[in-house]
Amino acid sequence: MRTTEEVRTSDTILQERETPPTGGVLQASLGAVGLAGFFFLLSSLFGDGPVWHALGAVVVAPALFAFTLPMLARQAKREGDRTLFYILVLALVLKLVGALVRYFLGTNVYGGGVDARAYDIAGADLAADFKNGDFSGIEQATGTHFIDVLTGIVYTVIGRTMIGGFVFFSWLAFIGLFLFYRAFTIAVPEGRNRTYARFVFFLPSLLVWPSSIGKESWMMFCLGIIAFGAANMLTGKMLKGIGIAAIGLWWAALPRAHIAGLAGVAIGLGIVLRRTRPELRQLGPIIKIASLALVAVAAIFFVGRASEFVQEAGINTEGGLASTLEEVADQTGGGKSNFDAPVITSPGRAPLAIFTVLFRPTLVDARSPTALIAAAEGTFLVILTLLRFRWLFAAARLARRRPYVTFAIAMVGALIVAFSAVSNLGILARERVQLLPFFFVLLSIPSKKWLAKREERHRLRQPVAFTQAGA
């Protein structure tokens, strides 16, 4: 029998584990003041514009930081893990700092020749129009012009500050990554949550590339919404999931309809291949067909929009998929990072395309200090994948029981086909960030051998109980 004091101590420990760290939230909120000063210092050093541009980041970064803290605390409470709160806070701070790194790369390393500069100019003009009551600029807000309009909306609220715009878009990407993490915890209970969190929150490319005014940050935000919606759909919360996924697909289609179309198809595959839950009985096939019909309609719409999008970009689609990909390869070529893209025009080219899209540039591709950083990450991913090769098989075996894994596999395959046409390693490194959160799902599901070794290590660490003879 346990004493009253032992029961009270046990209950206190349990309560501490399950209660969100409210004191930690207060401390983190106070830390926003220090974050503001830090951002002002770095913004002043990195920036090439007026000082008030740096002041924009000082206001925007702490505001977004404080706004996001309750969301992170709720997730820590859901998992009963107060340490997770501090991990998520650290991830948020690094993501916001990643905006400054991305800004520095664009304005100082690449000489200002980045898409964000054009978005900044267009957004400032649109913001001036919006303040004067002229909203004609929002017409046909698709493709590149959608980012112009979105930047204009942001500048209408925070004023024209390019660094502040970078911070806001980086925050959007963080929310997307956070939704990827939530989707994984919901839909893959066999997965290693901490492992997945380390990948999606702390990989350098995910911290830096989707952290500027541009499509990558917005698409990371939208793909996170789609993944969260898919996780709900594929775990039985169909109506909620469809609503969330529909919003993500709609918003993703505005700048990149082809990616939205691929995501719709991937969700459809997850629905078709999943096992019918026993409790549904005769209703199972009916619900599956109805769900698939809705997804199919959405996918057809987005695929149609994707065809229009590609044609508007000046790419001829009459020759079929292979011809379209080859034309994309021609258009993305040029520059010091140019290479012969392994366009998937036949099954025999698939292995090279898979390696290229997932891992290049590697160390042998590096030709500059900045390329060396990207190459180090690519080499790390190669080694990690080799070490966790059994985990890939574990994920594949789990696919039917956990249809979210099927969805992730389908997205990885579809995006590999799409990105195999990119013939510039710099562009490929930026585009690949959209694929990595799906790929990391497959590297976060442990194999049976790993679980057995972990159980054995845990057993050996347990104290041995000794009993007196005759007792």
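User: Is arginine 194 buried, exposed or partly exposed, and why?
Analyst: Arginine 194 counts as partly exposed, because its relative accessible area is 32%. Please keep in mind that this is a predicted model.

User: Which residue does arginine 194 form a salt bridge with?
Analyst: The partner is aspartate 81, and the closest N and O atoms of the two are 2.4 Å apart.

User: Where do aspartate 81 and arginine 194 sit in the chain?
Analyst: Aspartate 81 belongs to the loop between helix 3 (51-79) and helix 4 (82-109), while arginine 194 belongs to helix 8 (residues 193-202). With 113 residues separating them, the pair links distant parts of the chain.

User: How many salt bridges does the count come to?
Analyst: The count is seven.

User: What about glutamate 190: which side chain does it meet in a salt bridge?
Analyst: Glutamate 190 meets arginine 402, with an N to O distance of 2.9 Å.

User: Which residues are linked with Glu190 in a network of salt bridges?
Analyst: The network links Glu190 with Arg401 and Arg402.

User: Why does glutamate 190 count as partly exposed? And arginine 402, buried or partly exposed?
Analyst: Glutamate 190 is partly exposed because its relative accessibility is 27%. Arginine 402 is also partly exposed, at 25% relative accessibility. Buried would require under 20%.

User: Which side chain does aspartate 365 meet in a salt bridge? Are the two buried or exposed?
Analyst: The side chain of aspartate 365 meets that of arginine 360, at 2.9 Å from N to O. Both aspartate 365 and arginine 360 are buried.

User: New topic, the nonpolar core. How many residues does the largest one have?
Analyst: The largest nonpolar core has 123 residues, and Phe201, Tyr404, Phe407 and Phe440 are those with the most contacts inside it. Helix 7 gives the most to this core, contributing 18 residues.

User: What does phenylalanine 407 touch?
Analyst: Setting aside residues up to four places away in sequence, phenylalanine 407 touches Ile226, Ala227, Ala230, Leu234, Ala263, Ala266, Ile267 and Phe438.

User: Where is leucine 207, and what is it in contact with?
Analyst: Leucine 207 is in helix 9 (residues 204-208). Its contacts, apart from neighbours within four places in sequence, are Leu94, Lys95, Gly98, Phe201 and Phe202. Leucine 207 counts as buried, as its relative accessibility is 12%.

User: Aromatics next. How many aromatic pairs does the structure hold?
Analyst: The structure holds 23 aromatic pairs. In one of them, the rings of phenylalanine 85 and tyrosine 86 have centres 5.3 Å apart and planes at 75°, so the pair is edge-to-face. Phenylalanine 85 is buried, at 0% relative accessibility, whereas tyrosine 86 is partly exposed, with a relative accessible area of 39%.

User: And what kind of pair do phenylalanine 359 and phenylalanine 439 form?
Analyst: That pair is edge-to-face as well, at 6.5 Å centre to centre and 75° between the planes. Phenylalanine 359 is in helix 15 (residues 350-359) and phenylalanine 439 in helix 20 (residues 436-442), so the pair ties together parts 80 residues apart in sequence. Phenylalanine 359 is buried at 8% relative accessibility, and phenylalanine 439 is buried at 5%.

User: Which residues form one aromatic cluster?
Analyst: Phe146, Trp218, Phe221, Trp250 and Trp251 form one such cluster. Phe221 is also one of the contacts of alanine 173.

User: Last one, the surface. Which residues form a nonpolar patch there?
Analyst: Val265, Leu269, Val272 and Leu273 form a nonpolar patch, with about 300 Å² of accessible area together. Valine 272 is located in helix 12 (residues 257-273) and is partly exposed, at 38% relative accessibility.

Methods. Residues are numbered from 1 along each chain as its sequence is written. This is a predicted model: local features need pLDDT of at least 70, side-chain atom pairs count only at pLDDT 80 or more; totals for chains, interfaces and linings use all residues. Side-chain values use heavy atoms; hydrogens and water are left out. Patches are made of residues with over 30% relative accessible area and no salt bridge: like charges are joined within 9 Å, nonpolar side chains (Val, Leu, Ile, Met, Phe, Trp, Tyr) within 5 Å. Accessible areas come from the Shrake-Rupley method with a 1.4 Å probe; for residues, only the protein chains shown count as cover. A salt bridge is a side-chain nitrogen of Lys or Arg within 4 Å of a carboxyl oxygen of Asp or Glu. Helices (H or I, at least four residues) and strands (E, at least two) are DSSP runs, numbered from the N terminus. Buried means under 20% relative accessible area, exposed over 50%, partly exposed in between (1.4 Å probe, protein chains only). A nonpolar core is a set of buried Ala, Val, Leu, Ile, Met, Phe, Trp, Tyr and Cys residues joined through side-chain atoms within 4.5 Å. Contact means heavy atoms within 4.5 Å. Rings of Phe, Tyr and Trp (its six-membered ring) pair if their centres lie within 6.5 Å; planes under 30 degrees apart count as stacked, over 60 as edge-to-face and the rest as tilted.
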